[in-house]
Amino acid sequence: EAPVNGVMAGRWLLRRPLDLAAVDAALLRPPSTPNAAAECLQKPAVAVEAFGRYAARALSAGEARAAVLAVPLLLVAEQLLEDTVSPAGEECRLGPRVVSDTCAAAREAVAVLRATGGRRRAGDGDDGDLATGFGLADPDDPERSAAELRKLAKEIAKISGTKVAGKVVRNRSEQRSVAS
């Protein structure tokens with residue numbers, strides 16, 4: 001039996017959605033190892049992969065629309081971008097390899113959303129170069145990684161709708177201002 005029945009996180013999840021995996025491991029599941037929470041922080045790609053599987057099931061069953069399922073991925077992309085360009089030591093910065101692995105998982109989830117009805121406007125282009133199945137081209141180059149993550153966020157915004165995406169990013173920015 002889990003030691004805690006639930007957790008109220010509030011708007012914190014807008015800023016650090018990947019950190020929820022560590023909360024889940026630390027509070028909601030019986031501890032399998034002494035460092036389960038720390039290990040989850042190093043493996044957010046596992047959480048994003050699980051979300052991709054959930055999205056595929058929800059879409060195929062008609063339980064959710066791609067636009068709705070894209071919002072959590074946008075929050076993930078924004079956190080990855082922030083962790084890539086933020087100075088080391090600020091909050092819980094994910095390392096370059098973790099960001100790259102999580103980016104690969106997010107690209108796979110985006111491919112699922114695009115294949116099953118993600119919204120696209122005429123003139124958007126194919127964006128076929130948003131490759132899936134691998135991480136960042138050079139995880140140790142923050143500028144190049146940031147450019148790739150911005151492209152990923154832009155693709156996710158096309159699926160969710162640009163107005164919704166703009167609101168999500170603004171709300172996330174407001175939460176970052178409040179937290180500072």
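Visitor: Where does D19 lie in this model?

Guide: D19 lies in the loop that joins α1 (12–15) to α2 (20–28). The model is a predicted one.

Visitor: With which side chain does the side chain of D19 make a polar contact?

Guide: The partner is the side chain of R16, at 2.9 Å.

Visitor: How are two packed helices described?

Guide: By the angle between their axes and the distance between the axes. Here, the axes of α4 (residues 44–60) and α6 (residues 96–115) come within 8 Å and cross at roughly 5°. Angles under 35 degrees count as roughly parallel, so α4 and α6 are roughly parallel to each other.

Visitor: Which residues make the contact?

Guide: From α4, they include V48, G52, A55 and L59; from α6, they include T102, A105, A109 and L113. By class, the contact of α4 with α6 has twelve nonpolar, two polar and two charged residues.

Visitor: What tends to happen to nonpolar side chains in soluble globular proteins?

Guide: They tend to be buried together. In this model, the largest nonpolar core has 37 residues, and L73, L113, L149, L152 and I156 have the most contacts inside it. At least two residues of this core come from each of α4, α5 (66–85), α6, α7 (142–160) and α8 (162–179). The largest share, ten residues, is from α5.

Visitor: Which residues does L149 touch?

Guide: Leaving out residues up to four places away in sequence, L149 touches L80, L81, T84, V99, C103 and L136.

How values were computed:
Residues are numbered from 1 along each chain as its sequence is written. This is a predicted model: local features need pLDDT of at least 70, side-chain atom pairs count only at pLDDT 80 or more; totals for chains, interfaces and linings use all residues. Side-chain values use heavy atoms; hydrogens and water are left out. Axes are lines fitted to C-alpha atoms, for helices over the stretch in contact, and angles run from 0 to 180 degrees between N-to-C directions. Helices (H or I, at least four residues) and strands (E, at least two) are DSSP runs, numbered from the N terminus. Angles under 35 degrees count as roughly parallel, over 145 as roughly antiparallel, 65 to 115 as roughly perpendicular and the rest as oblique. Contact means heavy atoms within 4.5 Å. Ala, Val, Leu, Ile, Met, Phe, Trp, Tyr, Cys and Pro count as nonpolar, Asp, Glu, Lys and Arg as charged, and the others, Gly among them, as polar. A polar contact is a pair of N or O atoms within 3.5 Å; within protein, one must be able to donate a hydrogen and the other to accept it, and residues adjacent in sequence count only if both atoms are side-chain atoms. A nonpolar core is a set of buried Ala, Val, Leu, Ile, Met, Phe, Trp, Tyr and Cys residues joined through side-chain atoms within 4.5 Å. Buried means under 20% relative accessible area, exposed over 50%, partly exposed in between (1.4 Å probe, protein chains only).
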